[in-house]
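Biologist: I am new to this entry and would like to learn how to read it. Please take me through it one feature at a time.

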There are 2 protein chains.
Amino acid sequence: MMTEPAALEIKPIGVIHSCFKEKFGIPRQPGLVAGARGSLELFSPYNDITMVSALETFSHIWIIFLFHGNEPGKWGRMVRPPRLGGNRRVGVFASRSGFRPNPVGISAVQLESIEQAKGTTFLHLKGIDLLDQTPVIDIKPYVPYSDRIMEAVDGYADQPEREKLSVSFTAEADAVCQTLEAVKHPALKRLIKEIVGNDPRPGYYALKKNESEFGMVLFDLNIRFQVTGHQAVIFAIEKKNDE
Amino acid sequence: MMTEPAALEIKPIGVIHSCFKEKFGIPRQPGLVAGARGSLELFSPYNDITMVSALETFSHIWIIFLFHGNEPGKWGRMVRPPRLGGNRRVGVFASRSGFRPNPVGISAVQLESIEQAKGTTFLHLKGIDLLDQTPVIDIKPYVPYSDRIMEAVDGYADQPEREKLSVSFTAEADAVCQTLEAVKHPALKRLIKEIVGNDPRPGYYALKKNESEFGMVLFDLNIRFQVTGHQAVIFAIEKKNDE
């Protein structure tokens, strides 16, 4: 019988600032929404610029993070991955679900730049699938030599791929979008199109015939849209009340 | 100023059984030595077979592990990656070194099979770069869709690649190898050839002109070899004294 190794205390080295303020709307994988930008703010003493020296020579990096907002210890032996339409159960270790024994996630994202500002270090990221305020425990370079496995077989690739939604805006929503783009959120329309186009609805919704209106929080905004078939219409972009 | 998120206690879910009993000789990346096999033994309650249900449909999986055997808290802001010949310093977050603030590692390996035996669950792995007794904290499927980044640029790819060593055996070592292959270690010779062929010597040794004899532990064996230029000769395969 094995002696079980001791537990280890993991301390966050930084935190994610992201346009995604809640889980709904977050791309299911990194890289899916190229316009999804965010930054990683490093805490002292990890904000010493020498600790990321030469990292800028890599185009992509791994963010090792903690799934937060989950109740600690809340996980089941099996889960229903959204990628499988939410109606097939697989083992928790056969999924990338955040509800797992050790709530650690890995995400390969594009590294745009490294900035020293406000007395700390920021890594500016692109193509993220990370919730705002996500605690980060490690950064590693993405090494194509070992991380890019050409012969890897995807066990779920035989599943029918979720169809993209075609996204349009009402005249009113379009006008709000244009105003916001000018003053605060450049490329907002494209970002909304990308996110909604990937159909952020959970798998099981696809089976409900009566639900057609959805809302998601992006930056300080409530984005509301209606889905009919494979058509999504953005009909409202509202400031969140609590901001 | 941000409030730093709380620390989290991480508990191993299993342990690695590997032919690599010490750091010297371990391939620098997973996949480098295809013949390097090992297994992951899952601890209760994570050894419930339903927890890995459907994982067998993936050819490759991520092993998220703790670098063990390191003194806790032993890390520096900069490291000298062996891949850069050991003579160039980069930030610790620009390396995959095990000496890092949170000693968590990620390794993509081939999943050969899943076995239920001795009242627990074993994942049989291939192409590993993991030390024996490595504590494992998570398993995830390798998802080509998001993990295989075709456009990723490797910041260190401009470094001259380390030359492979050509490996031969003395008649005596060859005879010992044949005997061991017959009774206990099938394909031992090929495994030794692969490991030594990848030049397991640390980078800085390459600069020392006087050191030519090396030893490494593989299974319960001491493998001793001599390097001259790019030629390695295996001259002894001995049972370890303490076994």
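Modeller: What follows goes from the two chains to their interface and then to single residues.

Modeller: This is a predicted model, in which local features need pLDDT of at least 70, side-chain atom pairs count only at pLDDT 80 or more, and totals for chains, interfaces and linings use all residues. Residues are numbered from 1 along each chain as its sequence is written, and chains are lettered from A and ligands numbered from 1 in the order in which they are written.

Biologist: What rotation superposes chain A on chain B?

Modeller: Two copies of a chain are related by a rotation about an axis and a shift along it. Here the rotation is 180° and the shift along the axis is 0.0 Å, with an RMSD of 0.0 Å. The two copies are thus related as by a two-fold rotation axis. The superposition is by least squares on the C-alpha atoms of residues with pLDDT of at least 70 in both copies.

Biologist: How many helices and strands does chain A have?

Modeller: Helices (H or I, at least four residues) and strands (E, at least two) are DSSP runs, numbered from the N terminus. Chain A has 3 helices and 13 strands. Its C-alpha atoms fill a box of roughly 60 × 45 × 40 Å along the principal axes.

Biologist: What share of chain A is buried?

Modeller: A residue is buried if 20 or more other C-beta atoms lie within 10 Å of its own, exposed if 12 or fewer, and partly exposed in between, with C-beta atoms placed from the backbone. Of the 243 residues in chain A, 42% are buried.

Biologist: How many residues of chain A are in contact with chain B?

Modeller: Two residues are in contact if their C-beta atoms, placed from the backbone, lie within 7 Å. By that rule, 65 residues of chain A are in contact with 65 residues of chain B. The largest share of the chain A side, 6 residues, comes from strand S9 of chain A.

Biologist: Which strands pair across the two chains?

Modeller: Two strands pair if DSSP finds at least two bridges between them. Strand S1 of chain A and strand S1 (residues 8–10) of chain B pair in the antiparallel sense over 3 bridges. Within that pairing, A:Ile10 has B:Leu8 as its bridge partner.

Biologist: Where is the cis peptide bond in chain A?

Modeller: A cis bond joins A:Ser44 and A:Pro45, with omega about 5°. A:Pro45 lies in the loop between strands S3 (37–42) and S4 of chain A. In chain B, a cis bond joins B:Ser44 and B:Pro45, again with omega about 5°.

Biologist: What is phi for A:Gln133?

Modeller: Phi is positive there, about 75°, although A:Gln133 is not a glycine. A:Gln133 sits in the loop between strands S8 (120–126) and S9 of chain A. A:Gln133 is partly exposed, with 16 other C-beta atoms within 10 Å.

Biologist: Is B:Ala187 buried or exposed?

Modeller: With 12 C-beta neighbours inside 10 Å, B:Ala187 counts as exposed. B:Ala187 is in the loop between helix H2 (171–183) and helix H3 (188–197) of chain B, and its phi is positive, near 65°.
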